[in-house]
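I set out to record what I looked up in this structure, entry by entry. The sequence and the model are shown first.

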Amino acid sequence: MTRKTADNPMRRENEPDCLLAAPRCGARTRSGEPCRAPAVRGRQRCRMHGGAKGSGAPKGERNGNYKHGHFTQEAIELRRQIRALIAQMLASMEEEPRP
Ligand SMILES: [Zn+2]
């Protein structure tokens, strides 16, 4: 005799709270709804929708959209740091009384 188990792993109401709180995949499914499977850690999509290890385009010069390096993460971060330094410098100039 076979018995059906009480908990169905595909039904989310039995998931622990920590799993329910996990970020969800936002890929649009054929029904038009978001996928809602748990997203892979550090990514926006689940393992079936491009979140899998090794999927996605390479970073930097190896990426097909790479043109001149002006918009690499490093270049954007460098400009952000320079802007912050300039803002800091301008703020310190405002504080000091003029001689
Ligand atoms: Zn998904």
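**Helix H2**

A residue is buried if 20 or more other C-beta atoms lie within 10 Å of its own, exposed if 12 or fewer, and partly exposed in between, with C-beta atoms placed from the backbone.

**Basis of the entries**

I note that this is a predicted model, in which local features need pLDDT of at least 70, side-chain atom pairs count only at pLDDT 80 or more, and totals for chains, interfaces and linings use all residues. Residues are numbered from 1 along each chain as its sequence is written.

**The chain**

I found two helices and zero strands in the chain; these are DSSP runs (helices H or I, at least four residues; strands E, at least two), numbered from the N terminus. Of the 99 residues, 6% count as buried.

**The loop between H1 and H2**

I located Ala-57 in the loop between helix H1 (17-20) and H2. Ala-57 is exposed, because 9 other C-beta atoms lie within 10 Å.

Arg-36 also lies in the loop between H1 and H2. I recorded its phi as near 70°, a positive value in a residue other than glycine. Most residues other than glycine have a negative phi. Arg-36 counts as partly exposed, with 13 C-beta neighbours inside 10 Å.
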